[in-house]
Amino acid sequence: MSDTPVQTSATVLTVRQVQDYRAMTLVAPAIAERFRPGQFVALAVGGEHTSRLVRRCIGVHEVKSDYGGTVELVFADTEPGTAWLAGRRSRDQIDLVGPLGRPFRLPRDPVTCLLVGGGPGGAAVFALADTLLRRGCRVHFVLAGASARQVFGSRMAQRIGDSSAVVTEDGSMGEKGTVRDVLPRVIEETGADVVYGCGPTALLRSLTQIAGDFGLPSQVSVEEFLQQTGACGIGVCMTCMLPVHGEDGVTRMVRACADGPVLRGDRVRWGDLGTIPFDALGAPRVLSVSEGGLQ
Amino acid sequence: MSERVTTTLGPLELPNPVLTASGCGGTGRELAQFFDLTRLGAFVTTSVMAQARAGRPTPRVTETPSGLLTAMGLPGPGVETFLERDLPWLIEQEVRTIVSVAGSSVEEYGDLARRLRNVPGVAAIEVNVACPNVEDRGRMFGWHPAAAASVVRAVRAHARPGLPVFAKLAPDVTDIVTIALACVDAGADGLTLINTMDAMAIDPQTLRPALTGVSGGLSGPAVRPVAVRCVYQVHAALPTTPIIGVGGISTGLDALEFILAGASAVAVGTALFHDPAAGPRVLRELEEALAARRIGRLADAVGLAHKPAGYVPPQVRPQEPEKEKL
């Protein structure tokens, strides 16, 4: 097993509709064998002579050893690039780079883990659940979405988890509300030792805060932020930057792709996402009109 | 590596003409995961500035038709960290390295050249003149011949004698040839053409500019015809000045187009975001393209488009294996 990512032409096995999302299975043995939970892949979209130059970064739902090694992705086909992906058929080829980014850190001991997934990002916590279960951990799920159709994996969570809770904003499935409303209760009921999360930024932010209130460590994947801001996935384009403070207390702008997507929740300055905090390393010290033309 | 593709850029000799474009190859470590960087003609660093800079807030990139619009705000670790952490790694890997420098004052450019003066292993300096000049109301150095020349002169004065200095020019100026002439007069050994073009996109959902920085730099295949025009015009005016062609190169034929226009080397930029291994691929495709046209040496193709119609470049006989195929 090697840590370096590979670039490969992967063959599409299936593309399925799963509630509001698409699930795509690709044959990519070299990526499957290197993959660790929390990592993602960067896909070229639009074919060989495409006018779309930005790669789409999508978290890996699970890898299997079928057909020599397959990689399964779950995504919302809401923009032209992912819509193109959704239109692929069996045996189509897709240029894939992966596995990329830092994976979830795993506990050394068999502890109780709470896995929180929101929207299509919820898919990424299942690969983690597999690994944790194999290590003898207890695994509890909280899955969230705007409506029932946007909760991914509720049945699978029931099957493999020690417990699972579902919360939707419109109350069409499980409890009505957001993760913020149910998480404190679930943490108390399950006696969780660590909270993992992947999903919308607002969800990760409340997750981190609540875990912090209980004195628990949190590991979150900022996959959604990466999908919205990333262009390359490999750490060269410098477009998916977010403020993170280090052990030394200094805030640095780090790359969601190469320095994440999994980060310690308490290290991310959630309230400052999309800004350069004034005290960040290298932040502009004087805001002047003269800096207006910088590119 | 075949001798067919060796190239010279003034005093700089390179085994092949394919470079990375400044700002597109990270620190080098990221691309090294996908191919051996020594296979490049040279690696051009992200522009180094005196101080660490966080750059602009996100979103600082947006996808446009066949292009990319970026307003990064020149993020970087600053020259100190660059000299301690990034440059030694490149030199250790024996990667031919061209260091791009950027400043907000003439003094900063000169200072950076001085900091690089005694650093062994630097192949050349590229002067990014597309920086706002804080001493002149933030207008870009590259917009004015005198301002562009002043930063080139400052770099030339402080750089190690004999170290090649290239000036990287912006295309969206009244007359790029005048600026090219001013830079060469100021001591530039060569020119890199082109930097990004100032452009803008508005998000129809938010009804606001798509980038935090409002306007940004357009790159990618969308700007290639502009870049080819710039290379052609400057080569026509300054036929002996070496040119590094940049702008939307993603295939070997794209690279050939720049070479025919007058570039002696090409740099791959935005394509690296799409295909991290684009560098070696473009080189392979360029070698194939030259062979298919029976052009023996890359140098024979440089500026060929300027020759009168009917001019035939020196031809090589088809190679033995090709005969067998026939």
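Is D259(A) buried, partly exposed or exposed? In this predicted model, D259(A) is partly exposed, since its relative accessible area is 22%, a value that falls in the range between the 20% under which a residue counts as buried and the 50% over which it counts as exposed. The side chain of D259(A) forms a salt bridge with that of R255(A), with 3.3 Å from N to O, and R255(A), at 16% relative accessibility, counts as buried.

Other pairs of this kind can be followed through chain A. D279(A) and R269(A) meet through their side chains in a salt bridge of 3.0 Å, N to O; both residues lie in the segment after strand 15 (262–264) of chain A, so that the pair ties together parts that are 10 residues apart in sequence. Here D279(A) counts as partly exposed at 40% relative accessibility, whereas R269(A), at 18%, counts as buried. A further salt bridge joins the side chains of R149(A) and D20(A), at 2.8 Å from N to O. Because R149(A) sits in the loop between strand 8 (138–145) and helix 4 (154–160) of chain A, and D20(A) in the loop between strand 1 (6–18) and strand 2 (21–27), this pair ties together parts that are 129 residues apart in sequence. R149(A) is partly exposed at 46% relative accessibility, and D20(A) is partly exposed at 28%. Over all chains, a search of the whole structure finds 29 salt bridges.

An unreviewed UniProt entry places the feature "domain: FAD-binding FR-type" at residues 5–106 of chain A, a span that is 13% helix and 46% strand and whose end C-alpha atoms lie 20 Å apart. For "binding site", UniProt, again in an unreviewed entry, lists G81(A) and T82(A). G81(A) lies in helix 2 (residues 80–86) of chain A, and T82(A) is found in helix 2 of chain A as well. G81(A) is buried, with a relative accessible area of 0%, and T82(A) is buried with 8%.

R52(A), R56(A), E79(A) and E63(B) are linked in a network of salt bridges, in which the side chains of R52(A) and E63(B) meet at 3.6 Å, N to O. Across the interface of chain B and chain A the rule finds 3 salt bridges. On the side of chain B that touches chain A, at least two residues each come from helix 1 (29–32), strand 5 (61–64), strand 6 (67–70), strand 16 (215–219) and helix 8 (271–274) of chain B. The residues of this side divide into 18 nonpolar, 18 polar and 7 charged. In all, 43 residues of chain B are in contact with 39 residues of chain A, and the two chains bury about 3400 Å² between them, with 59% of it on carbon and sulfur atoms.

Within chain B, helix 3 (residues 106–116) has as its buried residues E108(B), Y109(B), G110(B), L112(B), A113(B) and L116(B). What covers them includes helix 2 (79–92), strand 7 (97–101), strand 8 (122–128) and helix 4 (145–158) of chain B.

Technical notes. Residues are numbered from 1 along each chain as its sequence is written. Chains are lettered from A and ligands numbered from 1 in the order in which they are written. This is a predicted model: local features need pLDDT of at least 70, side-chain atom pairs count only at pLDDT 80 or more; totals for chains, interfaces and linings use all residues. Side-chain values use heavy atoms; hydrogens and water are left out. Contact means heavy atoms within 4.5 Å. Buried area is the accessible area (1.4 Å probe) that two parts lose on being put together, summed over both. A salt bridge is a side-chain nitrogen of Lys or Arg within 4 Å of a carboxyl oxygen of Asp or Glu. Helices (H or I, at least four residues) and strands (E, at least two) are DSSP runs, numbered from the N terminus. Ala, Val, Leu, Ile, Met, Phe, Trp, Tyr, Cys and Pro count as nonpolar, Asp, Glu, Lys and Arg as charged, and the others, Gly among them, as polar. Buried means under 20% relative accessible area, exposed over 50%, partly exposed in between (1.4 Å probe, protein chains only). UniProt positions are given in the numbering used here, feature names are shortened, and annotations may be inferred rather than shown by experiment.
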